[in-house]
Amino acid sequence: MRVRRLALSLPLALLLPLATACGGGAGASADGKTVTVTVGYQSKTINTVTAGTLLRSLGYFEEELTARGRKDGVSYRVVWQDYATGAPITAQMTAGKIDIGSMGDFPLLINAARGKQLKEPTRLVAVTGYNLRGGLNTVVTSPGSPLRTLKDLKGRKVSTSVGSAADGTLVRALRRAGIDPAKDVDKVNHQPSVGASALAAGTVDALSQFVAWPGLLAFQGRATALYDGAELNLPTFHGVTVRERFAKQRPEVLDAFLRAQRRATDELRRRPVASAESVAKETGLPAEVVYLYNGAQGIATFDPALRPELVAALKEDVPVLAEAGLVKDVDVDAFVDAAPLRRAVPGAPYPKAVAAKSELWLKGQGSTRTFDSPGALLKAVKGAQVRAAYVPDAVTGTLWFADRAVWVRDGGQWRAFVTREGAERYVTGHAGSRIVGYADAVRLAS
């Protein structure tokens, strides 16, 4: 765990007590003049950046608290705690040691259940990034793997993080393919980084993970997409959860956080390339991978609003977790609390997500170009100094790296797919179409 502490415009007299204060949970110093706020986040889960990595680097939360402190005579200190998944954030929240956290939809439900069980209830107060079809989760295999479809996973070892949104995608996808996820596959519970290493070592046959691991492994040439989570056509998202006790004791701090999150969302939307570069610097992830998810056409759409579609999807997730024995039941309506966001950030939400376009990022450029068709992208790539090229899946709309996508030529038209199975399905239904390698597609584009 990485912990970063930021002192906010503190008088010299307060520095000594702060230096020895504990880092857990909202609390006041002995003189009652200093309040510590602890935020749990996942730096590498990059569609939470507006409540984590990007927000922290911009300093907006600290700015909001400094302004608040001038009004109420209190100094605030923010402690940022970085984790790989949502589970440890929930553990720390239910112990009263983290006040505000961000995590995926399945972990959010576990957060709600554990909070109620341990008498430290939590509330979902905002969304960070979402995809209405489920494209934030992907199943991948090693390059050169003989596996081509989900049905091929029968009898195989599959790594995932049990209780995560990626695990939920795997379970649902296997069932749709007629495979019993409890009996027909050997599901191995791994942290994302451990699962990636297991895939590389050949000790598992496939990996089901959430943003940004599938994109990272594909970008590095270490994985090939087997299943695009958007085929489920079920929304998936990450959100912000808060301890109920903290929200009641410090509503002004929660308001400050939500205002800061909205500002970070505005910044990401206004300057997507610069934001991707910033997140890359903070996390060590390639900026090209961050942009795949968080860019102007990215897989994730950023909007703090608690959209009805997302709340409805959360309710559909409960039975999946209950069947796995991870929760008994969750009252989603009681868990979701839109009042703080309405209070802190009044006004209309962002526009709805629109269909992604192909996008080209040239080397040395601080902006990108978009194209109305995959064919136009291929023409632009020819002879260019390409940093990254992105293309949406012809059916699901999931953005993918153009050189990792599976390309199909259908007459004079070009289409791209995240998975080989998706491309083959299209070719089967369209006489005369054929799969073409990326290099040949670029060469043939005219």
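Tutor: Gladly; we will go through rings, charges, a strand and a helix in turn. Keep in mind that this is a predicted model.

Student: Let's begin with the rings. How many aromatic pairs does the count come to?

Tutor: The general idea is to look for rings of Phe, Tyr and Trp whose centres lie within 6.5 Å. Here that gives 11 aromatic pairs. Take F61 and W80: their ring centres are 6.5 Å apart, with 85° between the planes, and the pair is edge-to-face.

Student: Which parts of the chain does the pair of F61 and W80 tie together?

Tutor: F61 belongs to helix α3 (residues 60-72) and W80 to strand β4 (residues 75-82), so the pair ties together parts that are 19 residues apart in sequence.

Student: Is F61 buried or exposed?

Tutor: For that we use relative accessible area, and under 20% means buried. F61 has 0% relative accessibility, so it counts as buried. W80 is buried as well, with a relative accessible area of 0%.

Student: What kind of pair do F417 and Y426 make?

Tutor: Planes under 30 degrees apart count as stacked, over 60 as edge-to-face, and the rest as tilted. The rings of F417 and Y426 have planes at 45°, so this pair is tilted, and the ring centres are 5.6 Å apart. F417 is buried at 2% relative accessibility, and Y426 is buried at 11%.

Student: Which residues form one aromatic cluster?

Tutor: F219, Y291, W361, Y390, W400 and F401 do.

Student: Next, charges. Which residue forms a salt bridge with E63?

Tutor: For a salt bridge, look for a side-chain nitrogen of Lys or Arg within 4 Å of a carboxyl oxygen of Asp or Glu. The structure holds 29 salt bridges. E63 forms one with R263, where the closest N and O atoms are 2.8 Å apart. This pair links distant parts of the chain, with E63 in helix α3 and R263 in helix α10 (residues 251-270), 200 residues apart. E63 is partly exposed at 42% relative accessibility, and R263 is partly exposed at 29%.

Student: How far apart in helix α3 are R68 and D72?

Tutor: They are 4 residues apart in helix α3, so about one helical turn separates them. R68 and D72 form a salt bridge, and their closest N and O atoms are 3.3 Å apart. R68 is partly exposed, with a relative accessible area of 30%, and D72 is partly exposed with 29%.

Student: What do the side chains of E244 and R123 meet in?

Tutor: They meet in a salt bridge, at 2.4 Å from N to O. E244 is in helix α9 (residues 244-249) and R123 in strand β6 (residues 122-131), so the pair ties together parts that are 121 residues apart in sequence. E244 counts as buried, at 18% relative accessibility. Salt bridges can also share partners: E63, E64, R259 and R263 are joined into one network that way.

Conventions
Residues are numbered from 1 along each chain as its sequence is written. This is a predicted model: local features need pLDDT of at least 70, side-chain atom pairs count only at pLDDT 80 or more; totals for chains, interfaces and linings use all residues. Side-chain values use heavy atoms; hydrogens and water are left out. Rings of Phe, Tyr and Trp (its six-membered ring) pair if their centres lie within 6.5 Å; planes under 30 degrees apart count as stacked, over 60 as edge-to-face and the rest as tilted. Helices (H or I, at least four residues) and strands (E, at least two) are DSSP runs, numbered from the N terminus. Buried means under 20% relative accessible area, exposed over 50%, partly exposed in between (1.4 Å probe, protein chains only).
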